[in-house]
Amino acid sequence: MWLYALRRLLMTIPILIGVTIICFILIKIAPGDPIKALLPPGATEADAARLRAMYGLDQPLPLQYLIWLGHVLTGNLGMAISTNRPVLSEVTRAFGNTIAIAFIAVCLSFVLSLVMGVIAAYRMGGLVDRIVTALAVFGISVPTFWLAVVFVIIFAVNLRMLPATGMGDSDSGSFNYFRWDDFKFALLPILALTLTPLGIMMRTTRSAVAEILNQDFIQTIRAKGMSEFQVTVHAVRNAMPQIVAMLGLQLGYLVGGSVLVETVFSWPGTGYLLNMAIMARDLPLLQGTILVLALAFVMLNLVVDLLQSLIDPRIKRS
Amino acid sequence: MRLRTLTRLIGLAALTFVGLGGMAARAESVLTVAMTAADIPDDTGAPDQGYEGYRFVGYTLYDSLVEWDLSHSDKVAEITPGLATDWAVDPKNNTRWILHLRKGVKFHDGCPFNADTVTWNFARVMDPKAPQFNARHAAFQGAAIINIASVDKVDDDTVAINTKGPDSLLPYDIAEFFMISPCRLKADGYDYTKFMNNPSGTGPYKFTSLVPHQRLELVANKDYWNPKRVPKQDRLVLLPMPEASTRAAALLSGQVNFVEAPSPDTIPQLKAAGMQIITVPYPHNWDYQVRLDEKPFSDIRVRQAANYAINRDEIVEFLQGIATPAYERLISTQPWYGNPTKYEYNPDKAKELLKEAGCVPCEFKVAISTSGSGQMQPLPMNELVKEQLEAVGFKVDLVPMDWNALIGVWLGGAKKSGFDAMNFSLAPIDPVQGILKMNMTKYQSPNGSNWGNYSNPQVDEWGNEALAEFDPVKRNALLTKINEQSTKDAGEIFIVHDLNPRALSPKLHGFVQAQSWFQDLTPITVEP
């Protein structure tokens with residue numbers, strides 16, 4: 001298994017190079033450039049040229065990429081053009097902020113989807129199943145940014161229970177999840193982020209558990225006189241590899257940051273950073289963020305794969 | 001004895017209670033602003049994020065030698081003494097300005113302000129060999145220093161600015177150039193990323209903390225050199241909130257108490273909730289700049305037709321009154337407005353002119369953005385303008401692009417753009433930006449803001465005369481003539497001027513909205 005893990009890790013290198021090259025080319029094809037985005041309307045071409053040289057943007061394209069790659073190999077992600085701060089510190093901060101809400105959102109959707117999915121599987125076709133399925137369809141189809149705005153209107157504007165936007169109260173130096181005045185800022189983004197994975201995972205759990213409940217061995221263990229609770233445990237354990245695979249994917253998507261939810265709530269995570277980098281055509285920032293995200297996505301998939309073989313020894317990774 | 005102890009305890013408790021109550025009554029007053037910017041502007045002394053950056057992290061933390069008088073809302077803001085108490089051109093040499101500096105001013109870190117700090121600050125953007133040289137600052141403020149050849153110290157309290165040619169409008173240029181503390185930057189090892197986290201200026205607010213992308217916090221500078229402008233709040237918190245609906249929600253939920261540019265559709269709801277909606281005319285021109293060296297707009301009749309075709313009142317109504325009709329670049333309270341030709345809505349005349357010019361249907365391609373600083377509501381507004389133009393015989397091809405791409409079209413100039421027109425709102429705040437750089441041939445893109453290559457030898461002559469005319473009355477007369485002429489030439493399609501709405505919590509008092517892109521937040525008091 002360790003050999004498998006190592007091989008998978010080595011395979012990430014071409015993936016990362018591929019991703020960064022595509023990103024590099026795309027941002028170059030898009031009209032506009034980072035220096036022009038930065039300068040005030042009265043600026044002259046000479047001002048632009050000087051800044052362009054400062055950020056190495058006057059070099060030929062392939063050379064720009066190679067220089068960037070060389071810096072990355074020495075652990076230097078460069079300076080963000082739009083903010084004039086080191087890319088590494090920008091990405092680390094944003095990544096931490098996104099993980100914080102994404103992790104809670106995934107845990108929440110995992111637990112809820114498990115409970116509701118299993119109940120729905122048992123009551124297939126019944127009223128409970130219909131309600132749960134309707135909720136799942138709602139979760140999948142409703143746009144999260146719309147939901148985010150609705151949450152703001154209900155909880156911030158009408159009820160005045162939670163803040164509308166931002167991250168953290170101005171009295172706290174840094175965000176603290178164990179302090180209500182800070183944590184209340186995270187609640188609405190977490191709720192908005194939870195709904196989509198909840199819907200998707202609930203449907204996966206429902207169909208996986210229902211399928212297992214129809215299998216012969218369930219009939220056998222029931223015949224042996226096992227309690228219905230024990231039967232459920234058996235069914236869920238058998239459905240777990242499928243659920244975990246879906247869980248990994250969902251966590252991957254959320255780590256990438258929800259551009260829309262983070263923008264609506266001004267939550268400075270990776271989605272917010274990506275959006276900012278694209279709008280400002282800030283290549284070093286975009287490349288750095290994409291690199292870290294691609295790495296995280298690949299690692300998450302690996303962890304999920306390994307976890308699956310631990311849960312179900314029939315799935316061999318070798 | 002016990003009774004006495006008990007009485008004392010009760011007395012003590014009562015005192016504590018009263019004390020706490022008293023403290024609560026004197027609670028810190030905080031002005032929390034929701035900006036439209038997507039990020040916190042650069043706080044190191046050369047703001048980005050357009051004039052919003054200057055408004056909130058420029059004139060708050062820093063001062064310039066010449067400042068804007070933002071204390072009135074009934075007349076347009078004009079320049080006033082800042083860190084320089086007075087200025088005049090050298091009677092023997094009209095390319096040398098002498099400025100007397102304010103004495104006894106100190107930076108927030110205690111560093112003294114004097115002639116040396118002024119020359120040091122100009123070297124920050126002019127001398128690439130100086131340790132404090134900052135290429136970003138130089139690029140951001142290049143336009144302000146473009147006519148400056150050198151800056152010398154005359155004595156501790158006097159500096160001289162030498163210009164490349166006679167420049168009677170220099171005071172306007174340097175009104176956007178801030179003085180930062182040399183001591184602090186030196187202590188930071190000339191590292192601007194460190195200075196960013198602890199900047200020091202001479203302004204009415206002092207830096208306290210910066211959480212990147214989240215908020216910038218400033219406190220009142222109780223020792224500010226101008227006692228009239230010591231802030232009447234204790235703290236100023238600045239939050240970036242690019243989404244208009246989020247800004248409105250933040251105000252309604254009490255999270256902020258000052259909101260920039262609420263969208264017109266949220267205004268009725270904000271008003272119903274008791275918020276103060278404040279608007280004021282200011283030089284913010286929402287227009288179509290046109291390419292004048294090529295058909296169709298090289299023909300003055302086509303330009304006039306386009307101006308006659310615009311039903312400005314309809315656009316103002318659509319915007320729920322947060323704009324006023326524009327018949328020229330400037331607003332009527334500016335001293336150079338004059339008595340310009342007014343191309344009022346007249347669709348019949350527009351049709352006639354187009355027929356006369358032989359341009360039927362008169363096709364043109366215009367670059368517009370989907371959003372962006374000062375662009376108001378670009379998509380629906382442009383659709384309306386298109387409809388009005390097409391009603392008289394134009395055929396308009398709107399090409400939407402994101403804000404960044406539109407900036408590229410602007411900076412490259414019309415010739416390289418492939419467009420006949422562009423919708424790019426501008427800030428004609430002073431005669432340099434609003435008149436000379438828009439109309440003189442030498443400022444054609446990429447050397448200035450004359451995007452469409454307007455060129456009129458008479459205007460160029462008046463412009464050069466104005467730059468060498470140090471009598472303000474005579475100079476203003478020349479500048480007025482230029483403005484009147486370029487309006488008569490229909491140098492662009494005039495549409496509306498923004499009224500810059502702001503929404504304030506009913507608990508805020510004392511705000512005077514200046515007719516300017518910049519605002520003075522210091523007089524605002526915050527009710528608990």
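B:Met376 is found in the loop between strand S15 and helix H14 (378-390) of chain B. Helices (H or I, at least four residues) and strands (E, at least two) are DSSP runs, numbered from the N terminus. This is a predicted model, in which local features need pLDDT of at least 70 and side-chain atom pairs count only at pLDDT 80 or more, while totals for chains, interfaces and linings use all residues. Residues are numbered from 1 along each chain as its sequence is written, and chains are lettered from A and ligands numbered from 1 in the order in which they are written.

Back to the loop, then. B:Met376 is not a glycine, yet its phi is positive, at about 55°. With 22 C-beta neighbours inside 10 Å, this methionine counts as buried, a term that asks for 20 or more other C-beta atoms within 10 Å of the residue's own, with C-beta atoms placed from the backbone.

A:Arg281, in the loop between helix H12 (270-279) and helix H13 (283-311) of chain A, has a positive phi of about 50° although it is not a glycine. A:Arg281 is buried because 25 other C-beta atoms lie within 10 Å.

| Cis peptide bond | Omega |
|---|---|
| B:Lys295 and B:Pro296 | about 0° |
| B:Val360 and B:Pro361 | about -10° |

In chain B, B:Pro296 sits in the loop between strand S13 (285-290) and helix H11 (300-309). For B:Pro361, the place is the loop between helix H13 (347-357) and strand S15 (362-369) of chain B.

Notes. Buried ≥ 20, exposed ≤ 12 C-beta atoms within 10 Å, placed from the backbone.
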